[in-house]
Protein chains: 4
Amino acid sequence: MRGYSQDKDAYLKRLRRIEGQVRGLQRMVDTDVYCIDVLTQVAAVTRALQSVALGLLEDHLSHCVTEAVAQGGPEGEQKVREAAEAVSRLVKS
Amino acid sequence: MRGYSQDKDAYLKRLRRIEGQVRGLQRMVDTDVYCIDVLTQVAAVTRALQSVALGLLEDHLSHCVTEAVAQGGPEGEQKVREAAEAVSRLVKS
Amino acid sequence: MRGYSQDKDAYLKRLRRIEGQVRGLQRMVDTDVYCIDVLTQVAAVTRALQSVALGLLEDHLSHCVTEAVAQGGPEGEQKVREAAEAVSRLVKS
Amino acid sequence: MRGYSQDKDAYLKRLRRIEGQVRGLQRMVDTDVYCIDVLTQVAAVTRALQSVALGLLEDHLSHCVTEAVAQGGPEGEQKVREAAEAVSRLVKS
């Protein structure tokens with residue numbers, strides 16, 4: 001069980017949609033679509049990925065981090081630090 | 001011909017690699033990989049997409065915008081404004 | 001007491017440094033420094049602000065959220081949701 | 001003369017406003033305002049800075065880059081590459 005397990009099907013559906021969007025980008029490049037239109041679509045795919053990341057992070061905080069903290073002990077602290085580092089990678093990506 | 005046409009094969013290769021990474025994300029979610037490891041990989045895919053976008057933008061400036069500007073007239077100005085708006089969407093995505 | 005109270009002096013020092021950098025930007029613009037050099041410095045100030053935000057967030061998770069969760073009850077859940085929304089605003093800013 | 005010279009007063013006004021916002025952040029931290037409210041305000045300042053950056057970039061493209069390109073020769077190409085690198089720093093900041 002992971003933080004996202006309850007919503008697994010929804011995440012898989014969103015990731016398959018993103019996969020389709022990336023294939024759409026290949027078709028755009030392959031058929032010489034205008035650069036700016038390709039860029040607009042790249043930005044849309046990036047936003048869709050960021051949105052998946054934010055969902056996974058919220059699920060992780062609500063389940064994994066919350067449970068570790070509720071049990072007390074050093075694991076809670078470690079999970080919080082680990083989550084903060086993940087946020088840092090998201091903000092910089 | 002588009003700004004990216006000279007490097008079309010390289011872009012297609014990068015986009016196919018990104019498609020493979022998105023399929024990899026689906027496998028990670030499907031096999032209950034730890035949330036933080038999924039997030040790290042989502043951040044990697046996002047960076048790969050941003051890098052494609054920056055390449056496309058540079059090609060667009062070097063070719064489409066440069067040519068429109070060199071010909072003089074209002075089209076140069078319009079292309080510059082359009083490119084600036086595309087940058088704005090990238091920064092906000 | 002807030003999550004950041006223990007490091008208040010360090011945060012104030014960082015924010016005063018950022019204030020100085022913003023005044024530096026005004027001098028750059030006022031003395032007609034080259035656009036690209038101004039942009040490089042704007043990016044540096046933005047990174048400094050993001051770094052303050054990431055620090056505040058980690059402190060918030062380590063203290064406020066952790067304490068609310070450890071006490072059990074609905075407040076823990078609410079704090080987690082609130083923190084996730086703050087992350088979302090950071091990623092989009 | 002720089003790309004932003006025509007709008008210098010407007011940029012100075014925006015940067016002074018941002019300086020005031022950074023001082024406001026210091027007051028918030030100094031008076032123990034709730035972490036999430038500080039974070040929301042940090043995100044607002046970051047967006048204001050990004051918006052200044054996007055304005056400077058558009059002015060730079062419309063003036064400095066356009067003029068270098070219109071004159072022909074290698075300087076146009078160099079200006080385009082330099083602008084693309086500045087965009088890359090903005091996207092990653």
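This is a predicted model: local features need pLDDT of at least 70, side-chain atom pairs count only at pLDDT 80 or more; totals for chains, interfaces and linings use all residues.
Me: Hi! Where does D:His60 lie in chain D?
Reply: D:His60 lies in helix α2, residues 35-70. Helices here are DSSP runs (H or I, at least four residues), numbered from the N terminus.

Me: Buried or exposed?
Reply: D:His60 is buried, at a relative accessible area of 0%; buried means under 20%, with a 1.4 Å probe and protein chains only.

Me: And which residues is it in contact with, leaving aside neighbours within four places in sequence?
Reply: From chain C, C:Tyr34, C:Cys35 and C:Ile36; from chain D, D:Val65, D:Glu82 and D:Ala83. Contact means heavy atoms within 4.5 Å.

Me: On to the interface, what area do chain D and chain C bury between them?
Reply: About 4300 Å², 70% of it on carbon and sulfur atoms. Buried area is the accessible area (1.4 Å probe) that two parts lose on being put together, summed over both. The contact takes 45 residues from each of chain D and chain C.

Me: How many salt bridges across it?
Reply: The rule finds four, counting a side-chain nitrogen of Lys or Arg within 4 Å of a carboxyl oxygen of Asp or Glu. One joins D:Asp32 and C:Lys8, at 3.3 Å, N to O.

Me: Which elements of chain D touch chain C there?
Reply: α1 (8-30), α2 and α3 (74-92) each give two or more residues, and α2(D) gives the most, with 17 residues.

Terms used: Residues are numbered from 1 along each chain as its sequence is written. Chains are lettered from A and ligands numbered from 1 in the order in which they are written. Side-chain values use heavy atoms; hydrogens and water are left out. Buried means under 20% relative accessible area, exposed over 50%, partly exposed in between (1.4 Å probe, protein chains only).
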